[in-house]
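Hi everyone, thanks for coming. Let me put the model up on the screen, and then we can walk through a strand and a pocket together.

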Amino acid sequence: MKIAVLIKQTPDTAELPKVSAEEVKSGDVNATMVINPWDEYAAEEALLLDDRFGAGSVALSMGSEDATDALKHALAMGIGEAVLIDSSALGDADMWTTAAALAAAVKEQGDVELVLTGKQSVDGNSGALFAGVACKLGWSLLTNVAKIVDMGDGFITVERMVDGGQETVQAPLPAVVSVAKEINDPRYPSFMGIRKANRANIPVLTAADLGVSDVSATEWANIRKPEQVETEVVIIEGDSVAEKAAKLADAIMAEKVI
Ligand SMILES: Cc1cc2nc3c(=O)[nH]c(=O)nc-3n(C[C@H](O)[C@H](O)[C@H](O)COP(=O)(O)OP(=O)(O)OC[C@H]3O[C@@H](n4cnc5c(N)ncnc54)[C@H](O)[C@@H]3O)c2cc1C
């Protein structure tokens, strides 16, 4: 049994505020690119499941050649293999095209029973790609998973984070699972791991190899930063707490906050 981990390369979160909308739209982002932080939890879980169930692991990323750096991070953590899905023939791939390519790449890996993903990418932020991949594969989908309780006899049992609690769910394998940050503490790549990853030859699958084409129908018509909200600071003066509180209440009502 093999576990596929979906890894996206994203801008370093420290540099995200400096990334312009134009850069995002063109895909030519002028920032340090790193492994999507949420995907480190998925990679860590694949390694822990390998210890528990003897499952091999493969990291898959769709993107440009640069995305091999994110794959190398996963290899340096200990993931067994990595494959790049070359997005160059897929235009401005929307969610459906991206899901189709990644699902086809999963099928190429042989006996994959489990696909692990992060909870969302820090740039696209949809938190939805895993649903498209599960749909394309026709596999079970479990989201926001905080613990993988067991796997075996054709089933996976997990604990999901839900509003105000947790639930235990069992679903048939194969499955696609998106993980929550509560699931583990991702390890740092070891020095030996980094050296091994740097020497790794990462195979590339093209859209033609996978038999997928750009079927994108969703277009980014506009990407912009949120409107700046003008704020004003007012210091309420008064001789006593009661006087300040009364003035504050008047001000709040005058502004129609309550
Ligand atoms: C140059 C460029 C142009 C684009 N143009 C458009 C457009 O015109 N219209 C449009 O709708 N979308 C467009 N996209 C966005 C693209 O469709 C999304 O990046 C993709 O669908 C994933 O969505 P997300 O980043 O919100 O991931 P999420 O759904 O937030 O990611 C969830 C998880 O899925 C996995 N994942 C996500 N992306 C990848 C990946 N590439 N490889 C491996 N694993 C992954 C990770 O594990 C991640 O944690 C464009 C992207 C690029 C780079």
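This is a predicted model: local features need pLDDT of at least 70, side-chain atom pairs count only at pLDDT 80 or more; totals for chains, interfaces and linings use all residues.

**A strand and a pocket**

Residues are numbered from 1 along each chain as its sequence is written, and side-chain values use heavy atoms, with hydrogens and water left out.

Strand β10 covers residues 175–179, and four bridges join it in parallel to β6. Strands here are DSSP E runs of at least two residues, helices are H or I runs of at least four, and both are numbered from the N terminus; two strands pair if DSSP finds at least two bridges between them. β6 also pairs with strand β1 (residues 2–6), again parallel and over four bridges. There, Ala4 has Val115 of β6 as its bridge partner.

Why is β6 largely enclosed by the rest of the structure? Because five of its six residues, 112–117, are buried, meaning under 20% relative accessible area with a 1.4 Å probe, protein chains only.

Now, the second largest pocket: about 190 Å³ of space. Its lining has 13 residues, and Leu75, Ile79, Gly80, Lys196 and Ala200 are the closest to its centre. A pocket is an open set of points on a 1 Å grid over the protein atoms alone, where a 1.4 Å probe fits, with protein on both sides within 12 Å along at least five of seven lines; lining residues have an atom within 4 Å of a point. The volume is the space filled by probe spheres set on the points, which are joined across faces, edges and corners. Helix α6 (191–199) and β5 (81–86) each supply at least two lining residues, with α6 giving the largest share, three.

Key. Buried means under 20% relative accessible area, exposed over 50%, partly exposed in between (1.4 Å probe, protein chains only).
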